[in-house]
Structures are given as structure tokens and as C-alpha cells.
Amino acid sequence: NQHLSERLLKLSFGEYMASAFQLFFPILLTLSCEFLRNPRASVRTFSRIVYQEGFRIFRDDFSRQEVLRSLIAHTGSGVPIEIDEALSILIQIGQV
């Protein structure tokens, strides 16, 4: 399979990679922001995982606020698929 599976992505952002994830978090957050707008579901999956794992891995208020800020910005985009994805991610984050 040429695509990264959801499980593999989650494993690659796991606890043991938290320091590397934190180092590249601003870049990953920017990519996720762009990818959430993509019409392809597989691209949006990457975005969803970065948002979820970022929120899960980081316990500091700033990083979590950045994730939430980005997702809330998507809810005002006016693009239905982007709004739906952002709200879905917010709900999933809230259940953790």
C-alpha cells in the first residue's frame, strides 16, 4: 500500500517520538491546517491525526491552545467539509 495507514501515523507520533513531534509541531500544525481543506479523505486523515496526537501528547497549555485555535478557525471557513472535519476532531479531542 502506497499510503500511510492511520495506525502507522499514530504510532509514528507516539509517546517515544514526543520530542521530535514537539520540535516540528509548528510545521506539522501548518500542514494540518492546509490538509484539512483537501478534498481527498486520505489527506484529511493525516491532518486529523496530527491534531489529535498533538493534543494528546502535549500537556502544556500553549500547545493545546494552538491546536484548539486552529480547529476553531476551520469552523468559520464556510467550507462544509472543512467545518465538518474540524468539528469532528474537536468532539474526538473532547472525549479523551
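In which helix does Arg 64 lie? Arg 64 lies in helix H5, where helices (H or I, at least four residues) and strands (E, at least two) are DSSP runs numbered from the N terminus. The model is a predicted one, in which local features need pLDDT of at least 70 and side-chain atom pairs count only at pLDDT 80 or more, while totals for chains, interfaces and linings use all residues. Residues are numbered from 1 along each chain as its sequence is written, and side-chain values use heavy atoms, with hydrogens and water left out.

The protein chain contains six helices and zero strands, giving the pattern α-α-α-α-α-α along the sequence. Its radius of gyration is 13 Å, close to the 12 Å given by the globule rule for 96 residues, so the chain is as compact as a globular protein of that length. The radius is taken over C-alpha atoms, and the rule is 2.2 Å times the number of residues to the power 0.38. Along the principal axes, the C-alpha atoms fill a box of roughly 35 × 35 × 25 Å. The chain exposes about 5900 Å², of which carbon and sulfur atoms supply 60%; accessible areas come from the Shrake-Rupley method with a 1.4 Å probe, and for residues only the protein chains shown count as cover. Of the 96 residues, 38% are buried (buried means under 20% relative accessible area, exposed over 50%, partly exposed in between; 1.4 Å probe, protein chains only). Among contacts (heavy atoms within 4.5 Å) with a separation of 6 or more, 56% involve residues 24 or more positions apart.

The largest nonpolar core has 20 residues. Such a core is a set of buried Ala, Val, Leu, Ile, Met, Phe, Trp, Tyr and Cys residues joined through side-chain atoms within 4.5 Å. The members that touch the most other members are Phe 21, Tyr 51, Val 67 and Leu 71. Two or more residues are given to this core by each of helix H2 (18-23), helix H3 (25-35), helix H4 (41-57), helix H5 (61-75) and helix H6 (80-94). H4 provides the largest share, six residues. Beyond its neighbours within four places in sequence, Val 67 is in contact with Phe 25, Leu 29, Tyr 51, Gly 54, Phe 55 and Ile 93.

Two aromatic pairs are found in the structure. Rings of Phe, Tyr and Trp (its six-membered ring) pair if their centres lie within 6.5 Å; planes under 30 degrees apart count as stacked, over 60 as edge-to-face and the rest as tilted. The ring centres of Phe 25 and Phe 58 are 4.9 Å apart and the planes are at 70 degrees, so this pair is edge-to-face. The two residues are 33 residues apart and link distant parts of the chain, with Phe 25 in helix H3 and Phe 58 in the loop between H4 and H5. Phe 25 is buried at 7% relative accessibility, and Phe 58 is buried at 3%. Phe 35 and Phe 46 also form an edge-to-face pair, with 5.5 Å from centre to centre and 65 degrees between the planes. This pair again links distant parts of the chain, eleven residues apart, from Phe 35 in helix H3 to Phe 46 in helix H4. Phe 35 is partly exposed, at a relative accessible area of 28%, whereas Phe 46 is buried at 18%.

Arg 64 is partly exposed, at 23% relative accessibility. Arg 64 lies over the face of Phe 55, at 4.2 Å from the ring centre; a charge sits over a ring if NZ of Lys or CZ of Arg is within 6 Å of the ring centre and within 35 degrees of the ring normal. Not counting residues up to four places away in sequence, Arg 64 touches Phe 55, Arg 56, Phe 58 and Arg 59. Arg 64 and Gln 52, twelve residues apart in sequence, have a C-alpha to C-alpha distance of 10 Å.

Helix H5 also holds His 74, which is buried with a relative accessible area of 1%. Ala 86 is placed in helix H6 and is buried with a relative accessible area of 0%. Aside from neighbours within four places in sequence, Ala 86 is in contact with Leu 36, Leu 71, His 74 and Thr 75.
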